[in-house]
Amino acid sequence: MRVDGRGEAIEVRAALLRMRRSGALPVAFGGLVGGSSPGPGQPAGAGARQFRITELSGTATESLRGLGIVTGNGLGGKTFAMARPFAVTDYSSSRVISHEYDGAVAGEGLRSVLAVPIVVRRRVRGVLYGALREPYALGDRPLTVALDAARELEQALAVRDEAHRLLAYAQPPLTADPRAWEQVRETHTELRALALRIPDAQLRQELLTACARLASAAAPGAPTLGRRAPAPQLTARELDVLSSIASGATNCAAAERLRLRPETVKSYLRSAMRKLDAHTRLEAVVAARRAGLLP
């Protein structure tokens, strides 16, 4: 499943804003691996891996927007190829980089520029840049600011990737194999736990919608239980806890997964059991499945 580009753009913009708010990097821009067509000022490289500068913050012109950076070319291309940060004090006269993009950089009036890679699961996904309009040596503080922003962005992208990976499995299996249905139940539990970590409201709702779809589906080959009674109204947290318990987690394991205190997990579990008229954890899970609250 393709990751939502709009969500990624939001994450990149947030990283650039963090860089600028530090006061160390008044201009910030960057982008992620995307389309393969050549951008302005870019040589047409057959099959060359590239990323595109899509997000700008603190810029005065649009000269950098849409610029396609081929691996190895310019400062960002070098960072992309080597998967490590690089910086130059005066971009146009630097002897440590190639100069395919001098026109775009000069059009924005940039002199000192640094670039840091965005690495997710050992794959470079893009580059963040920070820049000054004066030829000053960029010291440790600007580099630290850029690296911190990149690390936060990497974590956000990793969570987003995992969310979409799980969404790809959020379909009931077209088989009566109990092992396949258990995989769906495990996916449901992972989705609910992951949703708690998603700041993007749209993606979080996609995850919860997928959870509801899984929960309302009847397991293939399961016996018909007749007309289903109105489901008890459990809160989202009660469902989160019950889903973890259904996967076999202890209260402590559920607390760690959901980032709650064990006492809080016990409280939610007791409340769910009361609403489901259940006397044990197992009874609560069975009742929730019959009510279509859990797969």
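Helices (H or I, at least four residues) and strands (E, at least two) are DSSP runs, numbered from the N terminus. The model is predicted: local features need pLDDT of at least 70, side-chain atom pairs count only at pLDDT 80 or more, and totals for chains, interfaces and linings use all residues. Residues are numbered from 1 along each chain as its sequence is written, and side-chain values use heavy atoms, with hydrogens and water left out.

Helix α2 is followed by Ala83, which has a positive phi, near 60°. Within α2 (residues 74-82), the buried residues are Gly74, Leu75, Gly76, Gly77, Thr79 and Phe80; buried means under 20% relative accessible area (1.4 Å probe, protein chains only). These buried residues pack against the strands β2 (50-52), β4 (68-70), β5 (86-88), β6 (112-120) and β7 (123-132), where contact means heavy atoms within 4.5 Å.

Two packed helices are described by the angle between their axes and the distance between the axes. Axes are lines fitted to C-alpha atoms, for helices over the stretch in contact, and angles run from 0 to 180 degrees between N-to-C directions.

Helix α8 (residues 251-258) packs on helix α9 (residues 262-275) at about 105°, with the axes 8 Å apart. The two are therefore roughly perpendicular, a word used for 65 to 115 degrees. Asn251, Cys252, Ala254 and Ala255 of α8 meet Pro262, Val265, Lys266 and Leu269 of α9.

Helix α7 (residues 236-246) also crosses α9, at roughly 95°, and the axes come within 9 Å. Here Arg237, Glu238, Val241, Leu242 and Ile245 of α7 touch Val265, Tyr268, Leu269, Ser271, Ala272 and Lys275 of α9.

Terms used: Buried means under 20% relative accessible area, exposed over 50%, partly exposed in between (1.4 Å probe, protein chains only). Angles under 35 degrees count as roughly parallel, over 145 as roughly antiparallel, 65 to 115 as roughly perpendicular and the rest as oblique.
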